[in-house]
Amino acid sequence: MLEHGIPFDLSPRVRRLVAPNPGMMTGPGTNTYLLGREQVAVLDPGPAIDEHIEAILKAGDGNIRWIVCTHTHPDHSPAWQALAAATGAEVLGALPADDRFQDDTFAPTLELQHEYLLQTPEFSLRALHTPGHVSNHFCFLLEEEGMLFAGDHIMKGSTVVIVPPGGDMKAYIESLELLLDYPLQCIAPGHGAVIDDPRAEVAHLVEHRLKRERKVVAGLEQLGRADTDALVKVVYDDVDSSRHEWAKLSMAAHLIKLQQEQRARQHQDESWELQDSTA
């Protein structure tokens, strides 16, 4: 159940609390996960909303030892500060990316590296660097259960917005493919319910992004040299126009990926064309 403020057992090791911040970009609200009972790790503490912080502290029952953040967007990390002050917990994560949508208060006591392993008598939690949504994004694999805490790397029922410069479509697709190297059994996303067929979900997301990339290429073939206002109408003709401003952010990430691969180029007037175009 995705009810705000009520701990829900996903397994004997994992409980989920949903923050009271529902919205278009957050779905039912940000998922905060509590791992362990005797020594608790709080994964993605969420927004600095007093009632959510109180619910986490109550569920932690004096046993919170670690605060772990997938990334530093304002709906995922800001509650770290109040929780750390109340518990003295160690804070694990990566420093904020250099873009305009970050929790600049975030100051981890341990800055994560790829494959870092947090081990307790109750669980083993492996950090996997998964840039793409933003450059400092990590997923975490609960090794005993094959449960992947995916933050905003994967969300149930929708695709993730990739916002340059912190977001990177090429890195995102490569990070998705990286996950297939690990023994995943399910995905616990930052928003929404658990995903039970992780390999199929990852494969679907990779194909979805590559399909959209093909539409970007086709749009440039159709329009020739074009700005993003014109291109988004062609590339996202299957998305309501009220969402085109958000769509342009992910489309820009696709264009940058094509530029990195020397398949497209941007001009000084910010228009785009295919690299081999003679237009």
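1. Helix α6 (244–260) gives the largest share of the lining of the largest pocket, four residues. Helices and strands here are DSSP runs, numbered from the N terminus (helices are H or I, at least four residues; strands are E, at least two). A pocket is found on a 1 Å grid over the protein atoms alone, as an open set of points where a 1.4 Å probe fits, with protein on both sides within 12 Å along at least five of seven lines; lining residues have an atom within 4 Å of a point.

2. A word on the model, before going on. It is a predicted one, in which local features need pLDDT of at least 70 and side-chain atom pairs count only at pLDDT 80 or more, while totals for chains, interfaces and linings use all residues. Residues are numbered from 1 along each chain as its sequence is written, and side-chain values use heavy atoms, with hydrogens and water left out.

3. Back to the largest pocket: its volume is about 810 Å³, where a volume is the space filled by probe spheres set on grid points joined across faces, edges and corners. Its lining has 31 residues, and M25, T159, V160, V161 and R243 lie nearest the centre. By class, the lining holds 13 nonpolar, 11 polar and seven charged residues (Ala, Val, Leu, Ile, Met, Phe, Trp, Tyr, Cys and Pro count as nonpolar, Asp, Glu, Lys and Arg as charged, and the others, Gly among them, as polar).

4. The second largest pocket holds about 180 Å³ of space. Here too α6 gives the most to the lining, with three residues. Among the lining residues are A252, L255, I256 and E270, and the classes come to four nonpolar, two polar and three charged.

5. Now look at helix α3 (residues 169–179), where M169, A171, Y172, I173, S175, L176 and L179 are buried (under 20% relative accessible area with a 1.4 Å probe and protein chains only; exposed is over 50%, partly exposed in between). Their cover includes β9, β11, α4 and α6. Where α3 starts, a side-chain oxygen of D168 comes to within 3.0 Å of the backbone nitrogen of K170.

6. Helix α4 carries E213, which counts as buried at 6% relative accessibility. Beyond its neighbours within four places in sequence, E213 is in contact (heavy atoms within 4.5 Å) with H254, K257, L258 and R263. V235, in helix α5 (residues 228–235), is buried at 0% relative accessibility. V235 and V216 are 5.6 Å apart, C-alpha to C-alpha, and 19 residues apart in sequence.

7. How many aromatic pairs are found in the whole structure? There are four. Rings of Phe, Tyr and Trp (its six-membered ring) pair if their centres lie within 6.5 Å, with planes under 30 degrees apart stacked, over 60 edge-to-face and the rest tilted. The rings of W66 and F123 are edge-to-face, because their planes are at 80°, with centres 6.5 Å apart. Both W66 and F123 are buried.

8. Last, some backbone points. Most residues other than glycine have a negative phi, and most peptide bonds are trans. The bond from P164 to P165 is cis, with omega near 5°. Q262 has a positive phi of about 60° although it is not a glycine, and is exposed at 63% relative accessible area. E270 has a positive phi near 75° and is exposed at 56%.

Technical notes: Polar contact = N/O pair within 3.5 Å; in protein donor to acceptor, adjacent residues only side chain to side chain.
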